[in-house]
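Please look at the sequence and the structure before reading on.

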Amino acid sequence: MDALPPFTATSVHEIPTIHRRVTTNFLDHTTRTIAYRQKQLRALYWGLKDAEPALLEACKLDLGKSAYETYMTEVGWVLNDIVFMDKNLARFMKDEKAEDIDLTNSFMKPHIRKEPLGAVLIIGAYNFPIQLSLGPLVGAIAAGCTAVLKPSENAPNAARAMQHVIRNCLDADSYQIVQGAIPETTALLDCKWDKIFYTGNANVGTIIAKKAAETLTPITLELGGRNPAIISKNADARLAARRLLWAKLMNAGQVCVSQNHILVEKEILPALIEQMKLALAEFHPKGAENNSDYGRIVNERQWQRLKDMLDSTEGKVVIGGKTDRATLFFEPTVVEVHDPGDPLLKDESFGPLIPILPVDSLNEAIRTANSLHATPLGLYAFGSKAETEKILSETRSGGASVNDGFYHASIPTLAFGGVGDSGSGSYRGKASFDCFTHRRSVVTTPWWMERLLAIRYPPYTDAKLKQLKMLTAAKPHFGRQGGSTGGLAWWVLGLGGSDKTGAATRST
Ligand code: NAD
């Protein structure tokens, strides 16, 4: 890392020039060919591979992240993403035949062309500084866009290392990195982009959405947090404890998609806490404070926010509670709470705080989860098949895992995104390509169809209208009462001519 230039914010005066450069290059159509896109993706792959030691060190410096976690969730993740994208790019780029087209219109060969959106802005967050910045960038390159990446200033070493890679291996006319915080991001937002991709908290998400709305710029927002886990009395306490601790302790809990709070049926609470103690003793035999693989909180401001949350709870600490400002250490801390209004449930901890709220029934758990956050990024249901199905069908969330922590979000090629106020849009795998692609509907009208098309031209006449109806009007498969009509069984049962099925449905 020492060999790399220090973290320095880009001058805000340079930003319009950087924007102009990537916009102009997009309009030169350089980035459209598959050869160009693959050249960039492959260069990025090898650039990252060569910089792997620096990237691992950067995440250790920024977040105390172990090399194991950084490889698994950052460097190795992005490398695999590039290989997947490169391998499948020709298939993703291929025109698609349009679906559900009637015979007449099929002569125009309706199809979807996959067009790059243009010059895009990607704004990353600090917790997975490499994955959350380069993951969207891989999608943008694959889609044929040009891009400016603005990594999080709160992970400055990762930002430096990515700058080194991008400047050394990508075409500078198409791909630029801007460093900085609010002033630099604001200057970037003052430019007109063809898409803005933002990962981070909802307050800034609102700023981005408002700014984008001024120029009708499309956005993808990856927000999140405040995700519930619901554990029924029929769940396996050991599995629930191990899996939820895995999901919460990675990156010292600084994971948008991990559970923020656990709602548990009373009967299983003692077993769950017991199993959590056992699991923690297994995961950190000498205590988390002595495990150099356990991450640290990103900075003092975030550490203090977590400490204030812990100090403000009315709940009882049942496991952990140790903290150390000097090393930004925060022990995995389980707190039994009894009020859904407790700060640990109402706010996103984004750290290793694990509040557990005992409830009387599954219905109460679902009601409480929905009232705490109607549209979280993730939801985790533990119990029997019928119970977990009930939980899924009575809640909403961006994604969900059954009988696990955020497993769905650890599948690299599964589309990932929020719903409602936890975000809009998704990416990863093919979804990353789609995220930066415009599906352009195209037809080609053959010269020989002119006679057939005569009915569309004025002057409009009754005869033309009759012909138009004959050619285009669809026959309903439902009657006035809403019941189904048509089909062989309908005629055989002698229902033709009336809408008895609908009437019957209505009277029951
Ligand atoms: P952060 O501090 O790294 O900020 C994110 C980005 O917003 C940074 O690039 C920063 O420069 C920019 N920013 C900050 N203030 C701004 C402003 N006023 N105007 C314009 N840009 C500004 O990260 P964070 O936001 O604290 O991240 C934590 C939050 O993000 C949590 O709520 C977490 O749940 C969410 N998150 C979501 C995902 C996801 O994929 N859905 C991933 C990670 C984090």
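The following text describes the domains, and then the interface of two of them.

The structure is a predicted model.

A UniProt record, which is an unreviewed entry, lists residues 30-442 under "domain: Aldehyde dehydrogenase". This span is 43% helix and 19% strand, and its end C-alpha atoms lie 22 Å apart.

The remainder of the report concerns domain 1 and domain 2. In the interface, 14 residues of domain 1 are in contact with 16 residues of domain 2. The size of an interface is often given as the accessible area lost when the parts come together. Between domain 1 and domain 2 the buried area is about 1,200 Å², and carbon and sulfur atoms give 50% of this area. Of the area that domain 1 buries against domain 2, L63, E69 and Y126 supply 36%, more than any other three residues.

Which kinds of polar pairing does the interface of domain 1 and domain 2 contain? Five residue pairs are in polar contact across this interface, while zero salt bridges are found there. On the side of domain 1 that touches domain 2, the helices α3 (52-63) and α4 (67-93) each supply at least two residues. By class, that side of domain 1 has five nonpolar, five polar and four charged residues.

Definitions and conventions. Residues are numbered from 1 along each chain as its sequence is written. This is a predicted model: local features need pLDDT of at least 70, side-chain atom pairs count only at pLDDT 80 or more; totals for chains, interfaces and linings use all residues. Side-chain values use heavy atoms; hydrogens and water are left out. Contact means heavy atoms within 4.5 Å. Buried area is the accessible area (1.4 Å probe) that two parts lose on being put together, summed over both. A salt bridge is a side-chain nitrogen of Lys or Arg within 4 Å of a carboxyl oxygen of Asp or Glu. A polar contact is a pair of N or O atoms within 3.5 Å; within protein, one must be able to donate a hydrogen and the other to accept it, and residues adjacent in sequence count only if both atoms are side-chain atoms. Helices (H or I, at least four residues) and strands (E, at least two) are DSSP runs, numbered from the N terminus. Ala, Val, Leu, Ile, Met, Phe, Trp, Tyr, Cys and Pro count as nonpolar, Asp, Glu, Lys and Arg as charged, and the others, Gly among them, as polar. UniProt positions are given in the numbering used here, feature names are shortened, and annotations may be inferred rather than shown by experiment.
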